[in-house]
Amino acid sequence: MTERRVAVIGTGYVGLTTGACLASLGHRVVCADADPGKVERLRRAEVDILEPGLPELVQEGLDSDLLQFVGDTPAAVRDADVVFLCLPTPMGAGGAADLAAVEAVAGEIRAELPHGAVVVNKSTVPVGTADRVAALLGRPDVSVVSNPEFLREGRAVHDFLHPDRIVVGGAEAEAARRVAELYTDLAAPLVVTDAASAELTKYAANFFLAMKLSFANNLATLCERFGADIGDVTAGIGHDPRIGAAFLQPGPGWGGSCLPKDTHALLSVCEAAGIDFPLLRATIETNVEHQARLVERVAAQSSRGDGSLDGVRLALYGLVFKAGTADLRDSPALAIARQLRERGAELYAYDPALTEARPDLSDLVTLVDDPLKAAEGAEAVLVLTEWPDFLELDWEEVAARLDGRLVHDFRNVLDQERLERAGLVRQSIGSPYTMAG
Ligand code: UGA
């Protein structure tokens, strides 16, 4: 493999993972971030996101001198063969991706890029962004390619080093090939294409995943009504390789920093282009409706008996958008908590990843550091994140603290018999249940 000089702009979970993993593959990597405090911490291998294996890889990179962190973006690119843009593209007005950070950095580096460099859009950006960045750079001697990431939070290092596929797209085959070569050691299937196809591939992947989840959540409702079991049905269909068993676990809706943002961004560009994409709209709407249905189910079984939850105390187990992260962005748990709160519920929440005070959550929930404290005097427990820790809880103790018996297992992670032994009534998603209360 040819060792390359790589610059990575932005050290979020995508940028930092990209930088540390490329250094572990033997490339010489400079990561730049505009936040000087973060750069200082990274120089000490202090990683402020929960990403297994990443702190170790950062430390290894620093020790081998293949990985450096700087605050000066223009300086980072001056010597680079390949420059990865790993910048935030949050949901902007009307759901469209906000490209302000990408555009600002393009302006910052345009005069600094060495002759013949390749700029790579790594973060998820709308179709056409490679062309837009090329226009902003105004450097005919610099190529812009799209190389979307397919990293799951909490498994980012693993996914980077064991990719299902690598997609690189750009107008110049030579530039795309140069980027693909960075990954030679990973021996993954390679799709080399044009920029628009690479950009759309990322949206297509996240849309398809979201569609699968909305499908699974709808199917769960059918199972509840028709006396079927979602686990058995998804196992039954999942053995068909055309369907596949992965990503069919029902839950409290899908969320996180990517699927909601990307599905809304795709919808927004479709609308702008006058293209109706009913499946995409339905995927998003199904998620909203599914969450409303779960809230309705909780309210219908509360002691109030009138659909309101006025003064009803509930224990929420899990707030982050999935287990293995500390990320609350677009968390389904928060979406559900908001609706419960609107109906007047008093929410006591515990999440193993949230160990520090969170003033930003104080209007919504009282965050406690122990699941038993959350259960104290609560009428029911709602499991909203699939932390394995919840399976191992002392459910007799939970039952002793509760002022009710109902456990809404909205992640299907608990053991039915175990809860029954503790005198609790478990209701999962996607199998018939008897209404309590
Ligand atoms: C997602 C994609 O899975 C990655 O491939 C992609 O690279 C990434 O977005 C991105 O665009 O950067 P991530 O946001 O980390 O990754 O989260 P997922 O693991 O996909 O989970 C998304 C949501 O679906 C979570 O709320 C999760 O709890 C839920 N989920 C997932 C289910 O409810 N059931 C499942 O079977 C799987």
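Contact here means heavy atoms within 4.5 Å of each other. Keep that cut-off in mind for what covers helix α5. The model is predicted.

**Helix α5**

- Helix α5 spans residues 100–109, and its buried residues are V102, V105, A106 and I109.
- Seen down the axis of α5, these buried residues fall within an arc of 105°, so they line one face of the helix.
- An α-helix has 3.6 residues a turn, so residues three or four places apart point the same way.
- Several elements cover the buried residues of α5, including the strands β1 (5–9), β4 (82–85) and β5 (118–121).
- Helices α4 (73–77) and α6 (129–137) are also among the elements that cover them.

**Helix α10**

- Helix α10 runs over residues 230–238, with I230, T234 and G238 buried.
- These three cover an arc of only 60° around the axis, which puts them on the same side of α10.
- The buried residues of α10 pack against α9 (195–226).
- The face turned away from the buried side carries D232 and G236, which are exposed.

**Aromatic rings**

- The whole structure holds 5 aromatic pairs.
- One of them joins Y350 and F390: the ring centres are 6.3 Å apart and the planes are at 65°, so the pair is edge-to-face.
- The cut-off behind that label is an angle over 60 degrees.
- This pair links distant parts of the chain, as Y350 and F390 are 40 residues apart.
- Y350 belongs to strand β10 (residues 346–350), while F390 is in the loop between β12 (380–383) and α15 (395–401).
- Y350 and F390 are both buried.
- Y350 and F390 also belong to one aromatic cluster with Y317 and W395.

**Charges over rings**

- R165 lies over the face of F150, 3.5 Å from the ring centre.
- R313 has its charged end over the ring of Y348, at 3.5 Å from the centre of that ring.

**The annotated span**

- An unreviewed UniProt entry annotates residues 315–416 as "domain: UDP-glucose/GDP-mannose dehydrogenase C-terminal".
- In the model, residues 315–416 are 24% helix and 18% strand.
- The end C-alpha atoms of this span lie 19 Å apart.

Conventions
Residues numbered from 1 in each chain as written. Predicted model: local features only at pLDDT ≥ 70, side-chain atom pairs only at ≥ 80, totals over all residues. Heavy atoms only, no water. Buried < 20%, exposed > 50% of the residue type's maximum accessible area, 1.4 Å probe, protein only. Helix = DSSP H or I, 4+ residues; strand = E, 2+ residues; numbered from the N terminus. Arc of directions from axis to C-beta. Phe/Tyr/Trp six-rings, centres within 6.5 Å; stacked < 30°, edge-to-face > 60°. Lys NZ or Arg CZ within 6 Å of the ring centre and 35° of its normal. UniProt positions renumbered as here; feature names shortened; annotations may be inferred.
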